[in-house]
Structures are given as structure tokens and as C-alpha cells.
Amino acid sequence: MSTVFEGYERQYCDISANLSKKCTSAIHLDGEQKKQKISEVKAGLEDAEALIRKMDLEARSLQPNVKAMLLAKLREYKSDLNNLKSEVKRMTLANANLAARDELLEAGMADTKMVAADQRGRLLMSTERLNHSSDRIKESRRTMLETEELGVSILQDLHGQRQSLLHAHDTLHGVDDNIGRSRKILTAMSRRMDRNKYLIGSIITVLVIVIILILYFKLRH
């Protein structure tokens, strides 16, 4: 057997065993760690393929009886390498599906967050509008109460003025009555004065006549 082939074979077996361990450990990983492990396995597969090619060239350069035996071993190694490639493809596809699912979930979460933020913003705007409307209603109610109080005050003032006018009217009516009575008294007094004037005039006239008569009779005697 070729010592060169044996050297390649030992290297391949070491790489294959190492790749199998990495594939097994990658199954239990996720995220960036799994991607890193798959990248390491892919790099190892390239080295294993290079060793397979070297073993194939070395086996074909040997005697027919040795070559047949080595090519049979080489087919087993190629089958093992294909199994490793299939495992890597399966993990890569699963990781890609997982990444796509994570992206979809992240996109869904982002959309959900955006929708929630938009709804929260609208709710805050609606709440603010309700607060403004409530403030306007309170202000209108306060203005209405102030207007009502002002109206009551005006009505009270008007009622007081009406009472004052009625009192003044009653006072004026009493004054008119007093003036009427005074006018009647003055009229009566004026009539009495006129009668007294006539009476005094008559008395004076009589006295003058008597004096004249007395003087006349005295002058004759």
C-alpha cells in the first residue's frame, strides 16, 4: 500500500471525524453561533474534497490490484463526504428557514409595534381632543353661570328700581292729595278774606256815613 495514500487517508479521517463533531454540535446551536459553525464545516469539507482528489490520483497511479482496493476505500470516503455535505445542506436550509422565520417574526413585530405606536398616537390625540373639549365645556359652563348670576343681579336691581318708582309714585300721589287739600283750604281762605273784605268795607262805609251825618248835624247847629 502507498504511504502517500495512507498519509492522505489519516488526514481525511481526522477531518471527517472533526466535521462530524462540528455538525453534531451545530445542531444544538442557533443564531450567529450556528452560522459560524456551519461556515467552519464548509471550510473543512473543501479540505476533505481536496484530500479525496489527492487519494484518487494516488490510487490510480498504483498497481491494478492495489488500485482496486484503494478505490473501494475511496468510494466509502466519498460516500462519507457526501453524507457530510447532505448534513451541512440540511442544517444550512434549516438555518435559512429559521432566519427567514425570525425575519418574518421581526417584521411582524415591527409592524405590530408600528401599528401599536400609531394607535397609541391616535389614542393620545383623541384623549387630548377630549380634554380640550372638556375644558371648552367647562369654560362655557362657567361663562353661562356668570351670565346667569349677572342676569339675576340685573333682575334684582330692576326689581329694586321698580319698588323705588312705585314708592315715588305713591309719594307723588300723596303730595298731589296734599296739594289738592291745600288748594281747597287756600280757596276757602280766599273766599273768607273776600267776605271779610266786603264786610270791613261795608263797616267802613257805614262808619264814614255816620261820621258825615254827625258832622253835618253838628255844623247845622
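Helices, taken here as DSSP runs of H or I with at least four residues, are numbered from the N terminus. In the predicted model, the elements follow the order α-α-α from the N terminus on. Among contacts with a separation of 6 or more, 74% join residues 24 or more positions apart.

Of the 221 residues of the protein, 14% are classed as buried. The largest nonpolar core contains 21 residues, and Y12, L45, I52, M55 and V88 have the most contacts inside it. Two or more residues are given to this core by each of α1 (3-27), α2 (31-60) and α3 (64-220). Apart from its neighbours within four places in sequence, L45 contacts L19, L81, L84, K85 and V88.

The accessible surface of the protein amounts to about 17,500 Å², and carbon and sulfur atoms account for 60% of this area. A nonpolar surface patch of about 470 Å² is formed by L199, I203, L207, I211 and L215. Within this group, L207 lies in helix α3. The relative accessible area of L207 is 49%, so this residue counts as partly exposed.

Cysteines were also examined. A disulfide is a covalent bond between the sulfur atoms of two cysteines. Zero disulfides were found in a search of the whole structure. C23 has a relative accessible area of 4% and is therefore buried, whereas C13, at 37% relative accessibility, is partly exposed.

Definitions and conventions
Residues numbered from 1 in each chain as written. Predicted model: local features only at pLDDT ≥ 70, side-chain atom pairs only at ≥ 80, totals over all residues. Heavy atoms only, no water. Core = buried A, V, L, I, M, F, W, Y, C linked by side-chain atoms within 4.5 Å. Buried < 20%, exposed > 50% of the residue type's maximum accessible area, 1.4 Å probe, protein only. Contact = heavy atoms within 4.5 Å. Disulfide = S-S within 2.5 Å. Patch = residues over 30% accessible without salt bridge, like charges linked within 9 Å, V, L, I, M, F, W, Y side chains within 5 Å. Areas by Shrake-Rupley, 256 points an atom, 1.4 Å probe, with all protein chains shown as cover. Salt bridge = Lys/Arg side-chain N within 4 Å of Asp/Glu carboxyl O.
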